[in-house]
Amino acid sequence: MTSRVSIDWEAEADLVVIGGGVAGLTAARTASLRGLRVLTLSKGGPTDTSTQYAQGGIAVVAPHGDSVESHVHDTVEAGAGLCDVDAVRSIVEGGRAAVSALTGLGAVFDLGRDGQISRTREGGHSTRRIIHAGGDATGAEVQRALNEAGLPVLFGAAVGQIVTGRGGVQGVVAVSDQGFGVVHAPAVLLATGGLGQLYALSTNPPGATADGIALALWAGATVADLEFVQFHPTVLYTPGGVGRRPLISEAVRGEGARLVDTEGNSVTDGLHPRGDLAPRDVVSRAIAARMRALGTEHVYLDARSIDHFPQRFPTITASCLAAGIDPRTDLIPVAPAAHYQCGGVVTDTHGRTRVPGLYAAGEVARTGLHGANRLASNSLLEGLVVGERAGAAAAE
């Protein structure tokens, strides 16, 4: 005996985008500009995305003292040699054009004294190539620019199934405040983000519950490297804190902050040539080992040497002050927390999966860029580059 669910609404589109972050909205805009009727479904609200909370910036090859090959090398080294080098090079090469398209939408990045886009350095990078906005609010600025692009988005709509037939994708079944609905479409793009909320502590928003992985598997797509979940080494620690925790961007260490244990000793001395700016997996393991050895629940980030900290890092300052910590005079208690899904739905660098009409981009996808550990600030880069390509591929 089978049960049937009554359908309360129906719609038609050329492309359904599932997810309202950087990858989904970039793909939606690209496909719309190519004449497709695009409907974007977002489980949360306009800012309930991992993109909104990204602090550090976008890793993009600097015009001087940097190169594509240097960025590729840093990415592969951080990924423990398990990256697809051709995919890495392809995505890195698309960085400048992707950022140019974003600024064309009105995104504003921080400028240095010379009037050029300011750049900082983060863990695993051999040079200062991270562009940022609002000090430490890059994701919020990216989200704002894309939200204001005028794309139609149905918020509060959770997709429960991707419908497929002999020819591939046929549409989706979703539930919204209007009830159960069906959207008929020959193409679907997964841009659902990660799985951080499967862990007790995470930097991810409440909606990061691995929906995209489940939808892809049910639709017949392949997933890979799901064992590679990146823990960010520096999340603000508060006793008893669970759920989404405030991130303390790696850029703070890039500007000179140091990791010390509860006895005042360096956490990373002698472990890696780049010390506190080693790849995230190295630093997270070093912190976990030190906490275990000392029987503590956190270590400290000493940022007191950074001039004008509140101006450079306003978001982090607000989070610290809310916890009763002044980063100008106090040590910041930090600990690792689940941050990024490095594996995911297997795609090429244009977001194509093995299922005809099914695409994936952003954190939910496994393009081969990240390997076992994502290089800092390569996430927004991938969302912009592959999101644009996936939108174009769907139009083709």
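Student: Why is Asp225 called buried?

Tutor: Asp225 has a relative accessibility of 19%, and buried means under 20% relative accessible area, while exposed means over 50% and partly exposed lies in between (1.4 Å probe, protein chains only); Asp225 therefore counts as buried. The model is a predicted one, in which local features need pLDDT of at least 70 and side-chain atom pairs count only at pLDDT 80 or more, whereas totals for chains, interfaces and linings use all residues. Residues are numbered from 1 along each chain as its sequence is written, and side-chain values use heavy atoms, with hydrogens and water left out.

Student: Is Ala80 buried or exposed?

Tutor: Ala80 has 53% relative accessibility and so counts as exposed. Ala80 lies in the loop between α3 (68-78) and α4 (85-93), and this residue, which is not glycine, likewise has a positive phi, near 60°.

Student: What makes Glu250 and Arg280 a salt bridge?

Tutor: A salt bridge is a side-chain nitrogen of Lys or Arg within 4 Å of a carboxyl oxygen of Asp or Glu; the N to O distance here is 2.7 Å, so the side chains of Glu250 and Arg280 qualify. The pair links distant parts of the chain, with Glu250 in helix α8 and Arg280 in helix α9 (residues 280-294), 30 residues apart. Both ends are buried, since Glu250 has a relative accessible area of 1% and Arg280 one of 6%.

Student: How many salt bridges does the structure hold?

Tutor: The structure holds 22 salt bridges. Among the residues involved, Asp66, Asp74, Glu77, Arg129 and Arg274 are linked in a network.

Student: Why are the buried residues of α11 said to line one face of the helix?

Tutor: In helix α11 (residues 314-322), the buried residues are Ile316, Thr317 and Cys320. Seen down the axis of α11, they fall within an arc of 100°, so they line one face; the arc is that of the directions from the helix axis to the C-beta atoms. An α-helix has 3.6 residues a turn, so residues three or four places apart point the same way. The elements that cover these buried residues include β14 (229-236), α8 (250-254), α10 (309-312) and β18 (332-341).

Student: What makes β4 and β5 edge strands?

Tutor: They belong to an open sheet of three strands in the order β4-β6-β5, with antiparallel pairing. Each of β4 (58-59) and β5 (119-120) has a single partner strand, so one side of each is left without a neighbour in the sheet. Two strands pair if DSSP finds at least two bridges between them, and β4 and strand β6 (residues 130-131) are joined by two bridges, so they count as paired. In β6, Ile131 is the bridge partner of Ile58.

Student: Why is Thr40 called buried, and which residues is it in contact with?

Tutor: Thr40, in strand β3 (residues 38-42), has 0% relative accessibility and therefore counts as buried. Contact means heavy atoms within 4.5 Å, and, leaving aside neighbours within four places in sequence, Thr40 is in contact with Val17, Gly19, Leu25, Ala28, Pro152, Val153 and Leu154.

Student: Where is Thr49, and how far is its C-alpha atom from that of Pro205?

Tutor: Thr49 is in the loop between β3 and α2 (50-53), and, at 8% relative accessibility, Thr49 counts as buried. The C-alpha atoms of Thr49 and Pro205 are separated by 6.3 Å, although these residues are 156 residues apart along the chain. Leaving aside neighbours within four places in sequence, Thr49 is in contact with Gly20, Gly21, Gln143 and Pro205.

Methods
Helix = DSSP H or I, 4+ residues; strand = E, 2+ residues; numbered from the N terminus.
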